[in-house]
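Please go through the model below with the report alongside. The whole chain comes first, then selected residues.

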Amino acid sequence: MINVTELRPGNYFLDEGNLYQVIDILLNKTAMRKMVAKVKVKNMRTGAITELARNSGYGVEDVHVDKKTMTYLYDDGQAYNFMDPTTYEQTPLPHSVLENEIKYIAPNSEVTIVTYEDEILGVLLPAKAILTVTKTEPGVRGDTVSNGGSKDAELETGITIRVPLFINEGDKISVDTATGKYDGRA
């Protein structure tokens, strides 16, 4: 058990049967009152982001999660299949676990799988994903008034984002995984 005031962003802990990851923490101390820790957390099982307020002295169970690098292979219709590159063991992850993350994972790319006591919690995405443009209209020179100098582009994972006019089919681009926006050429 550790005191809630000792938590830092990135820590994992158990509280009331829920497994959380700390996103941010704010310690508030006013006169005549105990310190209050406002902890912004992500529930690792549901994906919900909430804020918990706990008084100093409140104990939570510090947990250690395992992180393993795996390669994304394919989607079999029921689950996404990943392979451990050292043992070649394949692990299927249900579609519900990776609803948002799969948009940024190209086949044969490496990702970090997070597990806790053999329970797969999800995938840690890199800050930027390198993806190939599979479909886009050619940019028309001088056409910056009607669409602001950008156009739609479909990427190899199936998502569509706005890209500058100079991007063509086959180009590799960097996409910010936090915002889902174009970040530059790769």
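## Report on the chain

The model is predicted: local features need pLDDT of at least 70, side-chain atom pairs count only at pLDDT 80 or more, and totals for chains, interfaces and linings use all residues. Residues are numbered from 1 along each chain as its sequence is written, and side-chain values use heavy atoms, with hydrogens and water left out.

**Whole chain.** The chain has 16 strands and zero helices. Both are DSSP runs, numbered from the N terminus: helices are H or I with at least four residues, strands are E with at least two. The radius of gyration is 21 Å, whereas a compact globule of 186 residues would have one near 16 Å. That radius is taken over C-alpha atoms, and the globule rule is 2.2 Å times the number of residues to the power 0.38. Along its principal axes, the C-alpha trace spans about 65 × 45 × 25 Å.

Of the 186 residues, 38% count as buried. Buried means under 20% relative accessible area, exposed over 50%, and partly exposed in between (1.4 Å probe, protein chains only). Among contacts with a separation of 6 or more, 42% come from residues 24 or more positions apart. Contact means heavy atoms within 4.5 Å.

Asp15 is found in strand E2, residues 12–15. Asp15 is buried, because its relative accessible area is 5%. Its side chain also makes a polar contact of 2.6 Å with the side chain of Tyr58. Leaving aside neighbours within four places in sequence, Asp15 is in contact with Tyr20, Leu52, Arg54, Tyr58 and Val60.

Glu16 sits in the loop between E2 and strand E3 (18–28). Glu16 is exposed, with a relative accessible area of 65%.

**Positive phi.** Most residues other than glycine have a negative phi. Glu16 has a positive value, near 55 degrees. Phi of Tyr88 is positive too, near 65 degrees. Tyr88 lies in the loop between strand E8 (79–83) and strand E9 (90–94).

**Asn81 and Tyr74.** Asn81 is found in strand E8. A polar contact of 3.3 Å joins its side chain to that of Asp76. Beyond neighbours within four places in sequence, the contacts of Asn81 include Thr71, Tyr72, Leu73, Tyr74 and Thr91. Asn81 and Leu93 are twelve residues apart in sequence, and their C-alpha atoms are 6.3 Å apart in space.

Tyr74 belongs to strand E7, residues 66–75. The C-alpha atoms of Tyr74 and Pro107 are separated by 6.4 Å, with the two residues 33 apart along the chain.

The table lists relative accessible areas.

| Residue | Class | Relative accessible area |
|---|---|---|
| Asn81 | buried | 6% |
| Tyr74 | partly exposed | 39% |
| Tyr88 | exposed | 59% |

Conventions: Polar contact = N/O pair within 3.5 Å; in protein donor to acceptor, adjacent residues only side chain to side chain.
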